[in-house]
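Here's a quick briefing to read with the model open beside you.

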Amino acid sequence: MNLKDTIRDVKDFPKKGIIFKDITTLLKDPKAISIAVEELYKLVKDKKITKVVGIESRGFILGAALALKLGVGFIPIRKPGKLPAERIAESYSLEYGTDSIEIHKDAIEQGDVVLLHDDLLATGGTMKAACNLVERLSGKVGQISFLIELSFLKGRENLNGYDVHSLIQYDSE
Ligand code: AMP
């Protein structure tokens with residue numbers, strides 16, 4: 001089975017000019033979701049991961065599945081105003097303006113080796129900010145994984161020095 005065949009392109013969502021990679025069509029297919037989790041797990045199983053951190057919101061789905069398979073805890077990184085307890089924030093640039101993400105202060109402990117997971121790598125800005133959050137809490141980024149990588153945007157260059165993996169790559173729009 002080719003996982004790429006289960007991803008749906010939605011033109012002009014959420015705004016004109018964007019081709020949105022819709023993963024709901026992969027998630028609803030029991031074979032595809034099982035292959036995706038298994039393949040992502042194989043890449044990371046020997047990395048001595050102690051926590052999985054997923055990025056809101058699509059990073060929660062396979063991130064939580066990976067945490068269960070690895071037998072470690074799952075930590076959510078969320079958009080501002082969603083986490084109830086003490087938290088730290090990190091801002092990053094968007095095409096127009098900035099955005100920010102947050103993590104609970106007590107989510108990571110010294111010595112934690114973290115798998116950071118999100119559904120898709122575009123420019124890498126979101127993931128770089130997530131790495132900064134983990135490192136500010138004294139965690140080590142053990143691996144970064146994505147289901148999808150838009151390789152033509154060269155987001156990897158933003159994540160130099162990290163162990164970055166993706167299951168599905170697009171070389172052009
Ligand atoms: P970036 O920070 O530019 O790497 O953007 C990554 C974040 O934006 C991820 O959380 C993705 O879910 C979302 N994203 C960016 N571009 C797309 C796209 N073409 N299709 C689906 N999600 C996207």
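A polar contact here is a pair of N or O atoms within 3.5 Å; within protein, one must be able to donate a hydrogen and the other to accept it, and residues adjacent in sequence count only if both atoms are side-chain atoms. Keep in mind that this is a predicted model, where local features need pLDDT of at least 70, side-chain atom pairs count only at pLDDT 80 or more, and totals for chains, interfaces and linings use all residues. Numbering starts from 1 along each chain as its sequence is written, and side-chain values use heavy atoms, with hydrogens and water left out.

**Ligand site**
- The ligand has 13 residues around it, and the closest are R58, D119, T123, G124 and T126 (a residue is near if one of its heavy atoms lies within 4 Å).
- On D119, a side-chain N or O atom sits 2.8 Å from an oxygen atom of the ligand.
- T123 puts a polar side-chain atom 2.6 Å from a ligand oxygen, and for T126 that distance is 2.5 Å.

**Helices α2 and α3**
- Helix α2 (residues 30–44) and helix α3 (residues 59–70) have axes that come within 10 Å and cross at roughly 55°.
- That angle makes α2 oblique to α3 (under 35 degrees is roughly parallel, over 145 roughly antiparallel, 65 to 115 roughly perpendicular, and the rest oblique).
- Axes are lines fitted to C-alpha atoms, for helices over the stretch in contact, with angles from 0 to 180 degrees between N-to-C directions.
- I33, A36, V37, E38, L40, Y41 and V44 of α2 meet L62, A65, L66, K69 and L70 of α3, where contact means heavy atoms within 4.5 Å.

- Helices (H or I, at least four residues) and strands (E, at least two) are DSSP runs, numbered from the N terminus.
- F13 and P14 are joined by a cis peptide bond with omega about 0°, and P14 is in the loop between β1 (8–11) and β2 (19–22).
- D12, also found in the loop between β1 and β2, has a positive phi near 60° despite not being glycine.
- Another cis bond runs from E56 to S57, with omega near -15°; S57 lies in the loop between β3 (51–55) and α3.
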